[in-house]
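Keep the viewer open and follow along from one part to the next.

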Amino acid sequence: MFAFLGVFVAAAYHVVSASASILAPLFGGLAAAAAIVLVTVAVRLTLMPLSYRAMRGMDAQARVAPQVQALQRKHAGHPDRLQRELTALYQAEGTSMFAGCLPLLVQWPVLSVMTVLFRSPKVGGTANSLLTHNLFGASLGSHWLGGAGPLSAQGAVFAGLFLLIAGVGWLSARMAPRLGTPGLAGAAAAVPGRPAQAAGQDSTPADQASRISAGLARFIPYATVILAAFLPLAAGLYLLTTTAWTLGERILLRRAVRNGRAAEPRPGAGSGEARRTPRASSGDRPAPRQSRPGQGA
């Protein structure tokens with residue numbers, strides 16, 4: 001057991017146990033599974049402000065993609081200068097090259113706590129009563145290849161879980177381009193006139209960050225199925241819930257980001273100052289006509 005997670009595991013045990021007791025009149029034997037879903041939703045609701053900022057960052061990445069490509073062409077032979085220009089550009093837009101990765105990284109500790117909780121026969125010196133609960137006959141602490149095996153009733157529960165996770169993952173990957181989650185790589189590919197990068201040529205930090213974001217967006221939904229195969233059933237249920245939540249959250253936050261961007265006042269609009277035609281400078285004005293003595297004005 002990871003000793004440094006002991007405090008968080010004990011806290012999670014009390015939260016899930018209390019939630020299961022509250023939900024027992026409604027869900028009966030499925031109360032613990034429902035409590036895991038409820039706790040997962042509560043965690044994701046707490047992270048929504050962070051997810052919104054990440055979505056705004058990815059939206060800003062898509063907007064500055066043409067500028068990024070222009071800088072890459074302009075400073076192709078000066079990587080240090082390119083890095084400074086890219087950093088300044090991202091700072092001006094209030095984003096970074098790794099926007100969108102932080103909400104994903106924050107969830108890993110929660111998954112680790114849930115995994116340790118349902119692998120521990122004792123929590124805080126007392127028996128872990130959560131291990132007595134099940135989901136359609138499969139213990140929440142069971143593993144896919146453990147116990148009766150994959151061809152049993154327990155294996156059928158895991159198979160259904162894997163199918164649901166894979167379905168949500170497929171839908172997430174399919175909708176990723178519409179939701180702006182592939183990172184800069186997809187936007188950069190749409191910029192006309194960008195020269196193809198030769199094999200073995202050093203990529204810029206922006207390109208590397210774009211590929212990381214794109215790879216994560218495409219790989220993680222399917223890797224979740226592989227991960228669930230080696231975790232307790234309770235942790236797999238957490239993965240299913242958080243993956244489905246991520247898909248719905250991105251749809252809603254994407255609309256919120258677009259509406260917020262449309263509502264932002266444009267420069268000079270709404271300030272009561274009408275745009276004025278710039279005056280001609282003194283050098284543009286014709287010289288005044290001088291009257292000579294004896295001539296009428």
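The structure, a predicted model, holds 2 salt bridges. One of them joins distant parts of the chain: E249 sits in helix 9 (residues 233–263) and R44 in helix 2, 205 residues apart. Their side chains meet at 2.9 Å, N to O. Are these two partners buried or exposed? E249 counts as buried because its relative accessibility is 7%, under the 20% cut-off. R44 is buried too, with a relative accessible area of 2%.

The other pair is R81 and E85, whose side chains also meet at 2.9 Å, N to O. Both lie in helix 4 (residues 79–93), and because they are 4 residues apart, about one helical turn separates them. R81 counts as partly exposed, with 36% relative accessibility, and E85 counts as partly exposed at 26%.

## A look at helix 2

Helix 2 covers residues 31–46 and has the highest mean pLDDT among the elements of the chain, at 95.

Several residues of helix 2 are buried: A31, A32, A33, A34, A35, I36, V39, T40 and R44. Which residues does T40 touch, leaving aside neighbours within four places in sequence? The contacts are with Y238, T241 and T242.

## The overall fold

The chain has 9 helices and 4 strands. From the N terminus on, the order of the elements is α-α-α-α-α-β-β-β-β-α-α-α-α. If you take the contacts with a separation of 6 or more, residues 24 or more positions apart account for 73% of them. The E249 and R44 pair, 205 residues apart, is an example of a link between distant parts of the chain.

Of the 297 residues, 39% count as buried. The accessible surface of the chain comes to about 17,700 Å², and carbon and sulfur atoms hold 63% of that surface.

## A nonpolar patch

On the surface, W170, L171 and Y222 form a nonpolar patch, together giving about 300 Å² of accessible area. Y222 belongs to helix 8 (residues 205–228). With 38% relative accessibility, Y222 counts as partly exposed.

## Where to read with care

How confident is the predictor along the chain? The average pLDDT is 76, and 67% of the residues score at least 70. While helix 2 has the highest mean among the elements, helix 7 (residues 184–189) has the lowest, at 38.

Two stretches have pLDDT under 50 throughout. One is residues 181–202, for which the model has 35 contacts beyond four places in sequence. The other is residues 267–284, for which the model has 3 such contacts.

Technical notes:
Residues are numbered from 1 along each chain as its sequence is written. This is a predicted model: local features need pLDDT of at least 70, side-chain atom pairs count only at pLDDT 80 or more; totals for chains, interfaces and linings use all residues. Side-chain values use heavy atoms; hydrogens and water are left out. pLDDT is the predictor's confidence in each residue, from 0 to 100. Helices (H or I, at least four residues) and strands (E, at least two) are DSSP runs, numbered from the N terminus. Contact means heavy atoms within 4.5 Å. Patches are made of residues with over 30% relative accessible area and no salt bridge: like charges are joined within 9 Å, nonpolar side chains (Val, Leu, Ile, Met, Phe, Trp, Tyr) within 5 Å. Accessible areas come from the Shrake-Rupley method with a 1.4 Å probe; for residues, only the protein chains shown count as cover. A salt bridge is a side-chain nitrogen of Lys or Arg within 4 Å of a carboxyl oxygen of Asp or Glu. Buried means under 20% relative accessible area, exposed over 50%, partly exposed in between (1.4 Å probe, protein chains only).
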